[in-house]
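Trainee: I would like to go through the terms used for this model and see what backs each one.
Mentor: Then ask about them one at a time.

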Amino acid sequence: DMTDDLGKAMAHWEGLGLTFEAVYTGFMGNARQMALASDFIRAVRTPGMLAVVDPVMGDHGKLYRTYTPEMCHAMKTLAGAADVIVPNLTEAALLLDVPYGSLAPTEDGFRRTTEALSLGGRRSVVLTGVSLTEGKTGAACVDRESGEVSFVQTDFISRPFHGTGDLFASVLTGALVQ
């Protein structure tokens, strides 16, 4: 049983005196994994520990085929344990329970979306796939400490690069820990 294994691992880590500076989650295969990750974050949280959740659920306005409604609900719970979430636009719509097409692709619209995702400033948000002008892409960010919303833009390269979201969230997590 995975719950028993997690409990044994956590007891062992505690016996060794280990603490965590950060916990980062990405793609999850089922709702049970998400629940375990959520429980783990809550169990090992210490003051100053960073929890980053990349809520990998879909892209281009569509839920991944492997995802179920139960998994979407479990991801919302896991994201609720995060200090920082890194959704793309599709995942933002899923987390907010709004149609993908209802997200206004404007600076004000992205600002409203990131603020809604921050849950009233309880977590920081880096919303990826944000384009403010043609030929550019980037992110809209809201900082939970200051409430400030900022935008980062770079040239858009019109070919798919699978795994860039994972790489981005990993580098972001490392930079935040530093």
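Trainee: What do the numbers rest on?
Mentor: This is a predicted model, in which local features need pLDDT of at least 70 and side-chain atom pairs count only at pLDDT 80 or more, while totals for chains, interfaces and linings use all residues. Residues are numbered from 1 along each chain as its sequence is written, and side-chain values use heavy atoms, with hydrogens and water left out.

Trainee: Why does Asp 97 count as exposed, and what is Lys 76 called?
Mentor: Buried means under 20% relative accessible area, exposed over 50%, and partly exposed in between (1.4 Å probe, protein chains only). Asp 97 has 60% relative accessibility and therefore counts as exposed. Lys 76, with a relative accessible area of 27%, is partly exposed.

Trainee: How many salt bridges does the structure hold?
Mentor: The structure holds 6 salt bridges. Another one joins Asp 83 and Arg 144, with the closest N and O atoms 3.0 Å apart. Asp 83 lies in the loop between helix 3 and strand 5, and Arg 144 in the loop between strand 7 and strand 8, so the pair ties together parts 61 residues apart in sequence.

Trainee: Is Asp 83 buried or exposed?
Mentor: Asp 83 counts as buried, because its relative accessibility is 7%. Arg 144 is partly exposed at 31%.

Trainee: Which salt bridge does Lys 136 form?
Mentor: Lys 136 forms one with Asp 155, and the closest N and O atoms are 2.7 Å apart. Lys 136 is in strand 7 and Asp 155 in strand 8, 19 residues apart. Lys 136 counts as partly exposed at 31% relative accessibility, and Asp 155 as exposed at 53%. Elsewhere, salt bridges that share partners join Arg 45, Asp 83 and Arg 144 into one network.

Trainee: How do you know that strand 7 and strand 8 pair?
Mentor: Two strands pair if DSSP finds at least two bridges between them. Strand 7 (residues 136–142) and strand 8 (residues 149–155) are joined by 7 bridges and run antiparallel. In one of these bridges, Gly 138 has Gln 153 in strand 8 as its partner. The hairpin has 6 residues between the strands, and Gly 147 takes a positive phi near 80° there.

Trainee: How do you know that the length of helix 3 agrees with its residue count?
Mentor: The expected span of a helix is 1.5 Å times one less than its number of residues. Helix 3 (residues 69–80) has 12 residues and should span 16 Å; its end C-alpha atoms are 17 Å apart, which agrees.

Trainee: Which residues of helix 3 are buried, and what puts them on the same side?
Mentor: The buried residues are Met 71, Cys 72, Ala 74, Met 75, Leu 78 and Ala 79. They cover an arc of only 165° around the axis, which puts them on the same side of helix 3; the arc is that of the directions from the helix axis to the C-beta atoms. The face turned away from the buried side carries the exposed residues Pro 69, Glu 70 and His 73.

Trainee: What makes a set of residues a nonpolar core?
Mentor: The residues must be buried Ala, Val, Leu, Ile, Met, Phe, Trp, Tyr or Cys, joined through side-chain atoms within 4.5 Å. The largest such core has 37 residues, and Met 75 and Leu 78 are among those with the most contacts inside it. Helix 2 gives the most to this core, with 7 residues. A second, separate core of 9 residues includes Val 86, Val 126, Cys 141 and Leu 172.

Trainee: Why is helix 4 called largely enclosed?
Mentor: Of its 8 residues, 6 are buried, so helix 4 is largely enclosed by the rest of the structure.

Methods
Helix = DSSP H or I, 4+ residues; strand = E, 2+ residues; numbered from the N terminus. Salt bridge = Lys/Arg side-chain N within 4 Å of Asp/Glu carboxyl O.
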